[in-house]
Amino acid sequence: MIDTLDLRMGDVIRMARKHPCGGDQWEVTRIGADIGLRCTTCDRRVLMERVTLRKRAKEYVSRGAPLDPEIERALFGDPPDAGEGREGLR
Ligand SMILES: [Zn+2]
């Protein structure tokens, strides 16, 4: 299980259940009320509710580039664990 509030564009996530195509890795293509995902194996795009994604996601395979910290704060607010691993990026 991963913290879906910490999603970034370009993140690649491994899902608990395999896609019918056999792939289990999805790239984050849109972040909003729903999360846009693209199957990295067959290119199928889906929208998934955050709560569903939170249940199905197993782990990050790779992380997208962080946004500018100012923009990230505006979008997500101050994360409670700010400072852990993020300070070096500023
Ligand atoms: Zn697929």
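1. Burial in the chain. In this predicted model, 10% of the 90 residues of the protein chain count as buried. Contacts across the sequence can be described as well: among those between residues at least 6 apart in sequence, 41% join residues at least 24 apart.

2. Secondary structure. The protein chain contains 2 helices and 5 strands. Read from the N terminus, the elements follow the pattern β-β-β-β-α-β-α.

3. The strands form an open sheet of 5 strands with antiparallel pairing, in the order S4-S3-S2-S1-S5.

4. Strand S2 (residues 25-31) and strand S3 (residues 34-39) run antiparallel and are joined by 5 bridges. Trp26, for instance, has Cys39 in S3 as its bridge partner.

5. The nonpolar core. The largest nonpolar core has 8 residues in all: Leu7, Ile13, Trp26, Val28, Ile35, Leu37, Leu53 and Ala57. The elements that contribute two or more residues to this core are S2 and S3.

6. Val28. Which residues does Val28 touch, not counting residues up to four places away in sequence? The contacts of Val28 are Leu7, Arg8, Met9, Gly10, Asp11, Ile13, Ile35, Leu37 and Gly64.

7. Arg30. Arg30 lies in strand S2. Is Arg30 buried, exposed or partly exposed? Arg30 counts as partly exposed because 13 C-beta neighbours lie inside 10 Å, while a residue is called buried if 20 or more are found and exposed if 12 or fewer are found. If residues up to four places away in sequence are left out, Arg30 touches Ile35 and Gly36. Arg30 and Arg8 are 22 residues apart in sequence, and their C-alpha atoms are 8.8 Å apart in space.

8. Asp43. Asp43 belongs to the loop between S3 and S4. Asp43 is exposed, because 10 other C-beta atoms lie within 10 Å. The phi of Asp43 is near 75°, which is a positive value in a residue other than glycine. From Asp43 to Glu27 the separation is 16 residues in sequence and 9.5 Å in space, C-alpha to C-alpha.

9. Helix H2 and the residue after it. Helix H2 (residues 69-76) is hardly covered, as the count of buried residues among its 8 residues is 0. Just after H2, Gly77 adopts a positive phi of about 80°.

Technical notes:
Residues are numbered from 1 along each chain as its sequence is written. This is a predicted model: local features need pLDDT of at least 70, side-chain atom pairs count only at pLDDT 80 or more; totals for chains, interfaces and linings use all residues. Two strands pair if DSSP finds at least two bridges between them. Helices (H or I, at least four residues) and strands (E, at least two) are DSSP runs, numbered from the N terminus. Two residues are in contact if their C-beta atoms, placed from the backbone, lie within 7 Å. A nonpolar core is a set of buried Ala, Val, Leu, Ile, Met, Phe, Trp, Tyr and Cys residues joined through C-beta atoms within 7 Å.
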